[in-house]
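Open the model in your viewer and get ready to select residues by number. We will go stop by stop.

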Amino acid sequence: MTSSRSFSLAPRVVVSALALTGAVACAGSFEGEVDGEAVPPLLSGYWLEGDGEGFQVSATASTALDLCGSATALLREMNDVVSAKADEVDEDDDEEDVYDELADAYEDAWRRHMPEDFWTVGASIFVKDDDDFVDDYDLGEDADIDFENPAFASVTVCHQEGFLELDDDGSDDNRTCFPAKGGELEVVAFDDKGSIELSIDAELAEADDLDEEVGDVTASLHMGSCKAADEANKDLEDANE
């Protein structure tokens, strides 16, 4: 069958994949408990420059041994799946059925390529002018944003407890995330062709109730980029279109 559908084939799959993409060698330390649990050593990490206005960087450290290799393999497999599905879909096919089939394929691929249990420490930073990027940023409720010259950051610690189980909205039943409701992130050093170094002092809380605090943590992270996963992301986004 030839595809003539106007809807995107796999937005929920792409969003879930992007959330975990990439990791290379990472020198990192983490202190403090999260919701009563100790976080194992951080073994790998990555940073990725975002698209869009301003200058955006996201960085992730993980307790997984080689998240870059695992995530790249996962994304490449899903690129093949989405491309094949695009060739099969007919305009009379039910959109939800297509999403369900892709979600099932993604869950199966996850089991082949990703760890079952791991933690991530993620940071996202946005500045209007990249000359202002290497700086200190207040987090959460502590942040005072200048909307004429915006510069802000966020930190989230997540625990993956089991293989991927996607809900209808693309969220994962086995992934729990705790955002920083306060604290500070410092970009200690950054080389846009190489590595990023971050220092984090964060007060974490429940995602759906910021009044429910789960721990004060500190982290020192030094990460490189993961070009293979970045390219696999772009290929999957292209296939999704």
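This tour of a predicted model visits aromatic rings, then the nonpolar cores, then a surface patch.

**Stop 1: a ring pair.** Select W47 and F190. How far apart are the centres of their rings? The distance is 5.1 Å, and the planes sit at 75 degrees. Planes over 60 degrees apart count as edge-to-face, so this pair is edge-to-face. Now colour the strands. W47 lies in strand β4 (residues 44–49), while F190 lies in strand β9 (residues 175–190). Is W47 buried or exposed? W47 is buried, at 6% relative accessible area. F190 is partly exposed, at 22%.

Stop 2: The whole structure holds six aromatic pairs.

**Stop 3: the largest nonpolar core.** This core has 34 residues. Select F30, V34, F133, L185, L198 and L204, which touch the most other members. Strands β5, β6, β8, β9, β10 and β11 each supply at least two residues of the core. Zoom in on V34. Beyond its neighbours within four places in sequence, its contacts include W119, F178 and L204.

**Stop 4: a second core.** Select A64, A71, V82 and W110. They are among the 22 residues of a separate core.

**Stop 5: the surface.** Select I145, F147 and F152. Together they make a nonpolar surface patch of about 320 Å². F152 is in strand β8 (residues 151–161). At 35% relative accessibility, F152 is partly exposed.

Definitions and conventions. Residues are numbered from 1 along each chain as its sequence is written. This is a predicted model: local features need pLDDT of at least 70, side-chain atom pairs count only at pLDDT 80 or more; totals for chains, interfaces and linings use all residues. Side-chain values use heavy atoms; hydrogens and water are left out. Rings of Phe, Tyr and Trp (its six-membered ring) pair if their centres lie within 6.5 Å; planes under 30 degrees apart count as stacked, over 60 as edge-to-face and the rest as tilted. Helices (H or I, at least four residues) and strands (E, at least two) are DSSP runs, numbered from the N terminus. Buried means under 20% relative accessible area, exposed over 50%, partly exposed in between (1.4 Å probe, protein chains only). Patches are made of residues with over 30% relative accessible area and no salt bridge: like charges are joined within 9 Å, nonpolar side chains (Val, Leu, Ile, Met, Phe, Trp, Tyr) within 5 Å. Accessible areas come from the Shrake-Rupley method with a 1.4 Å probe; for residues, only the protein chains shown count as cover. A salt bridge is a side-chain nitrogen of Lys or Arg within 4 Å of a carboxyl oxygen of Asp or Glu. A nonpolar core is a set of buried Ala, Val, Leu, Ile, Met, Phe, Trp, Tyr and Cys residues joined through side-chain atoms within 4.5 Å. Contact means heavy atoms within 4.5 Å.
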